[in-house]
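Here is a short briefing on one structure. Please look it over first, then read the points below.

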Amino acid sequence: MSAVTSYQLDHLDYLETEAIHVMREVAAEFERPALLFSGGKDSICLLRLAEKAFRPSDIPMPFLNVDTGHHFPELNVFRDKRAAELGGKLIIRKVEDAIAAGIAHPSPGEVSRNRLQIPTLLAALEEFQFDCAIGGARRDEEKARAKERFFSFRDAFGQWDPKNQRPEIWNLYNARVNPGENMRVFPLSNWTEMDVWEYIKREQLEVPTIYFSHRRQSVRRGGQWLPVSEILPPKDKEEVRELTVRVRTIGDIISTGLVESPANTVDDIIAEIAAARVTERGSRADDKSSEAAMEDRKKQGYF
Amino acid sequence: MSQTTTGHPVELLRFNTCGSVDDGKSTLIGRLLYDTKSLMEDQIEALERSADITGGGQINLANLTDGLRAEREQGITIDVAYRYFATPRRKFIVADTPGHIQYTRNMVTGASTANLSVILVDARHGVIEQTRRHTCIAALLGIPHLVVAVNKMDLVDWSQERFLEIRDAIEGFLPKLDMAKDVKFIPISALSGDNVVGPSDKTPWYEGPSLLHHLETVHIASDVNLTAFRMPVQWVNRPNNPTDHSLHDFRGLSGQIAGGIVRRGEKIMVLPSGLKSTVKSIWTLDGELDEAFAPQSVTLCLEDDLDVSRGDMIIGLDNLPGMGTELRARVCWMHPRPLQRGNKYFLKHTSQTVQAAVTSIESCIDIRTFEHEPAPAQLAMNGIGEIRLRTAKPLVFDGYGTNRLTGSFILIEQGTNHTVAAGMLFPPTEPVKPEYNDFAI
């Protein structure tokens, strides 16, 4: 390679340097930031970026997870292990507890905990007086997400107003908030699903086993295969099979579609995504309720 | 490094599309995604579903990018939507920016980080005020590459004459905008895909590249300023770890390099103090580097213990920047409350935020004529003007034309915290004179 072209970043380096810049802005500009960490692939990348941004110092913010009580057990195990390895403080707030405390109210018959994460998260932000929460959302996930800024302002009710977002120009992020307001910050905004996996490969990051091919009891419902579990028992006449599957995106155990796949290495996954004909979110039941499902949740404070 | 099949690193090109309402921006992006096979089956199905309900059976590619309820209701783009696609040669980040005049601030948002702007012109309507406005903003933001895509050529019978007319009209006013950089004109039909991904047989008179081919090959390596080292200090990395003695003396200065190259062992200076030192090491989690360059995010350790904090700038000893509290800038005003002389704002420049007062509004630009109207009383929403500012603390800066990162700022309204302006600094009248405050410690 000639001297001229060597001063060039490839796309992963570019995304990395942009994300590190964003993380450092958060550390410098906010009093009490938190980093949302679920143990999923995007937040795994976030943690590596936090290490890159702040080492050899400790990562200067706690990790926060809203546990819906419907998580895959593998995910929670991984989450706890990774946080301990990094020496980070992990705060867990449970939807269960929020319901018991009267903070979150299930609608009659509502099984999904997706909506109930909103009040639980908002209450956690308030409890710890967090003025900023870093999240692993990406703009390529969904078209309402595609509209999101790196620094996404939320009012005192935690609401997002898509019609009135702050202009975000160059790399000059306006991080100012008044008391009670907060900011959601998304360092992975410009990353795609493929970038995330290429980064996991490059950085040799460990991911929970459910991303890799395994055998699982699966039930056919709503046009997709869902994992059989205590909270998702098969109903009468539903087709149940043990399949070789993996997950592409992890939501709650009751809304995460399983993908039939033999991929059991990161390289396999990259090859599979390159050939994929449906999006990652195509396997998430929670986005299918209406064309604006994500937008509506975000307006109420969903991360 | 990720590599293409040919072994070159995969480059990233950021571009934005702009044009008036109904010029076909979203359709063009939909077309690029569709024809590069970047659309997935479930996205196409969703388009078909909504076509059955609202679109009279026709797939509306614009629905791909208009992701908000309010946008679909009105059929217009309100805010920037970002899309991602890749070809074997490059990865692309596309900002689909609104054409509606009311949302000019969002166009500035999408364009500020772009290497290239695609300005759409409806071949039937030719150059309209919005075309001039968008070209003006692209020029103002110093976007290095411009493509004028003359769209809906199918509706003017692929007329070369019409295409040349539009090209001449735009080339006629480019000199007024100092937009003498790389400008390409491409006749297209976003709806049918002609000259978008592949060449079209409808335009035998056009010998240039298709839009995608141009996006894949335009030379962007020299878009970054590598001649003058600048690193605004973002965060001071001081591990306070009582158990690890090796870290006891670690004191790193973290930041994203805004220009130039830095090497281990090189002399640097910190501004505004003017203190000098030598780079002891360039620390990263992946090991120390011999050199680093823009726009890498790194941590520098210096030979001497200088007093350095967030907002300071580390620079090389050649190509000195300007420094001062009296500034001249072009601004794009983005808020319904107009800019008036005497107003005070927070000004964020690189990693520092200072108070600033607007001491005068020297002129504003008439978008229709590109003439400067002298000394206007105020600058209204979406107005572009030249102002003078006084800051409470000195800024270390370059002209925007020299460095987009050290030459830019935003203004923030005090109290509401609204981002009200994007500012581009004029070059300093003289470089900083460090000998006046160069003292040893």
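Ring pairs join A:Phe30, A:Phe150, A:Phe151 and A:Tyr173 into a cluster. The model is predicted. It scores ipTM 0.92 and pTM 0.93. For chain B, the mean pLDDT is 88, and 89% of its residues reach 70 or more.

**Aromatic pairs**

- Over all chains, the structure holds 17 aromatic pairs.
- One of these pairs is A:Tyr7 with B:Phe293: the ring centres are 5.3 Å apart and the planes stand at 80°. Planes over 60 degrees apart count as edge-to-face, so this pair is edge-to-face.
- That pair crosses between chains. A:Tyr7 sits in the loop between α1 (3-6) and α2 of chain A, while B:Phe293 belongs to strand β13 (residues 291-293) of chain B.
- Both A:Tyr7 and B:Phe293 are buried.
- B:Phe163 and B:Tyr206 form another edge-to-face pair, with ring centres 6.4 Å apart and planes at 75°.
- This second pair links distant parts of chain B, 43 residues apart. B:Phe163 lies in helix α6 (residues 160-173) of chain B. B:Tyr206 lies in the loop between β6 (182-187) and α7 (211-217) of chain B.
- B:Phe163 has a relative accessible area of 4%, and B:Tyr206 has one of 14%. Buried means under 20%, so B:Phe163 is buried and so is B:Tyr206.

**Charges over rings**

- B:Arg132 lies over the face of B:Phe173, at 4.8 Å from the ring centre.
- B:Arg328 has its charged end over the ring of B:Phe426, 4.2 Å from the centre of that ring.

**A sheet in chain B**

- Strands of a sheet pair through backbone hydrogen bonds, in either a parallel or an antiparallel sense.
- In chain B, seven strands form an open sheet with antiparallel pairing, in the order β7-β15-β11-β12-β14-β9-β8.
- The edge strands are β7 (230-232) and β8 (235-237) of chain B. Each has a single partner strand, so one side of each is left without a neighbour in the sheet.
- From one strand to the next, the twist averages 40°.
- Within the sheet, β11 (residues 267-271) and β15 (residues 313-316) of chain B pair in the antiparallel sense over four bridges. B:Leu271 has B:Met313 of β15(B) as its bridge partner.

**A helix of chain A across the sheet**

- Helix α2 (residues 11-29) of chain A lies across β8, β9 (252-256) and β14 (297-302) of chain B.
- Helix α2 of chain A runs at about 65° to β14(B).

Note on methods: Residues are numbered from 1 along each chain as its sequence is written. Chains are lettered from A and ligands numbered from 1 in the order in which they are written. This is a predicted model: local features need pLDDT of at least 70, side-chain atom pairs count only at pLDDT 80 or more; totals for chains, interfaces and linings use all residues. Side-chain values use heavy atoms; hydrogens and water are left out. Two strands pair if DSSP finds at least two bridges between them. Helices (H or I, at least four residues) and strands (E, at least two) are DSSP runs, numbered from the N terminus. Axes are lines fitted to C-alpha atoms, for helices over the stretch in contact, and angles run from 0 to 180 degrees between N-to-C directions. Contact means heavy atoms within 4.5 Å. pLDDT is the predictor's confidence in each residue, from 0 to 100. Rings of Phe, Tyr and Trp (its six-membered ring) pair if their centres lie within 6.5 Å; planes under 30 degrees apart count as stacked, over 60 as edge-to-face and the rest as tilted. Buried means under 20% relative accessible area, exposed over 50%, partly exposed in between (1.4 Å probe, protein chains only). A charge sits over a ring if NZ of Lys or CZ of Arg is within 6 Å of the ring centre and within 35 degrees of the ring normal.
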